[in-house]
Amino acid sequence: QVQLVELGGGSVQPGGSLRLSCAAPGSLFSISTMGWYRQAPGKQRELVAAITRGGNTNYADSVKGRFTISRDSAKNTVYLQMNSLKPEDTAVYYCNLKGRLLREYDYWGQGTQVTVSS
């Protein structure tokens with residue numbers, strides 16, 4: 001079983017910032033696409049941002065210009081820097097690792113709560 005270790009959730013006021021991190025096994029990290037998803041109460045899980053092993057990124061329209069995804073190969077860690085947070089960003093954020101090695105794989109972290117409220 002692949003374990004993804006997420007850190008960095010919490011509570012913040014609107015306009016504030018948080019940084020999430022997710023550590024993955026090195027054997028898979030370097031060949032995988034890493035992503036952050038979120039799920040708010042009563043809503044479906046949605047992609048927030050993703051970064052390929054080559055460093056290409058994509059973002060949900062709702063977070064463009066506010067969130068930045070990055071990866072550190074030396075630490076096998078992906079980050080999500082979240083700035084100018086809004087109440088609608090409140091959700092459980094999940095780290096995702098996916099790729100293909102003989103067969104496709106798709107792993108999830110346990111989730112970390114982000115709450116944006118005044």
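Two strands count as paired if DSSP finds at least two bridges between them. The model described here is predicted. In strand E8, Val-78 is the bridge partner of Cys-22. Strand E3 (residues 18–23) and strand E8 (residues 77–82) run antiparallel, joined by six bridges.

These two strands belong to an open sheet of four strands, with the order E1-E3-E8-E7 and antiparallel pairing. Strand E1 (5–7) and strand E7 (67–72) stand at the edges. Each has a single partner strand, so one side of each is left without a neighbour in the sheet. From one strand to the next, the twist averages 15°.

## Strand E4 and its partners

Strand E4 (residues 33–39) pairs with strand E5 (residues 46–51) in the antiparallel sense, over five bridges. Gly-35 stands opposite Ala-50 in E5. Trp-36 has Ala-49 of E5 as its bridge partner. The hairpin of E4 and E5 has six residues between the strands. Within that hairpin, Gly-42 takes a positive phi near 80°.

E4 also pairs with strand E9 (residues 91–101). The two run antiparallel and are joined by seven bridges. Here Gln-39 stands opposite Val-92 in E9. E4 is mostly covered, with five of its seven residues buried.

## From E5 to E6

E5 and strand E6 (residues 57–59) pair in the antiparallel sense, over three bridges. Ala-49 has Tyr-59 in E6 as its bridge partner. The hairpin of E5 and E6 has five residues between the strands. In this hairpin Gly-55 takes a positive phi near 95°.

## Aromatic pairs

How many aromatic pairs does the count come to? The count comes to two. One is formed by Tyr-37 and Trp-108. Their ring centres are 4.9 Å apart and their planes stand at 65°. Planes over 60 degrees apart count as edge-to-face, so the pair of Tyr-37 and Trp-108 is edge-to-face. Tyr-37 lies in strand E4 and Trp-108 in strand E10 (residues 103–108). The pair therefore ties together parts that are 71 residues apart in sequence. Tyr-37 is buried, with a relative accessible area of 15%. Trp-108 is partly exposed, with a relative accessible area of 33%.

Tyr-105 and Tyr-107 are also paired. Their ring centres lie 6.0 Å apart, with the planes at 25°, so this pair is stacked. Tyr-105 counts as buried, at 7% relative accessibility.

## Charges over rings

Trp-108 has a charged neighbour as well as an aromatic one. The charged end of Arg-45 sits over the ring of Trp-108, 4.6 Å from its centre. Another arginine is placed over a phenylalanine: Arg-71 lies over the face of Phe-29, at 4.4 Å from the ring centre.

## The nonpolar core

Which residues touch the most other members of the largest nonpolar core? They are Met-34, Trp-36, Val-78, Leu-80, Met-82 and Tyr-93, out of 30 residues in that core. Several elements each give two or more residues to the core: E3, helix H1 (26–29), E4, E5, E7, E8, E9 and strand E11 (112–116). E9 supplies the largest share, four residues.

Trp-36 is bridged to Ala-49 in E5, and Val-78 in E8 is bridged to Cys-22.

## The disulfide

A search of the whole structure finds one disulfide. The bond joins Cys-22 to Cys-95, with an S to S distance of 2.1 Å. The angle about the S-S bond is -80°, and the link is left-handed.

Where do the two cysteines lie? Cys-22 is in strand E3 and Cys-95 is in strand E9. The pair links distant parts of the chain, 73 residues apart. Are these cysteines buried or exposed? Both Cys-22 and Cys-95 are buried.

Definitions and conventions. Residues are numbered from 1 along each chain as its sequence is written. This is a predicted model: local features need pLDDT of at least 70, side-chain atom pairs count only at pLDDT 80 or more; totals for chains, interfaces and linings use all residues. Side-chain values use heavy atoms; hydrogens and water are left out. Axes are lines fitted to C-alpha atoms, for helices over the stretch in contact, and angles run from 0 to 180 degrees between N-to-C directions. Buried means under 20% relative accessible area, exposed over 50%, partly exposed in between (1.4 Å probe, protein chains only). Rings of Phe, Tyr and Trp (its six-membered ring) pair if their centres lie within 6.5 Å; planes under 30 degrees apart count as stacked, over 60 as edge-to-face and the rest as tilted. A charge sits over a ring if NZ of Lys or CZ of Arg is within 6 Å of the ring centre and within 35 degrees of the ring normal. A nonpolar core is a set of buried Ala, Val, Leu, Ile, Met, Phe, Trp, Tyr and Cys residues joined through side-chain atoms within 4.5 Å. A disulfide is a pair of cysteine sulfur atoms within 2.5 Å.
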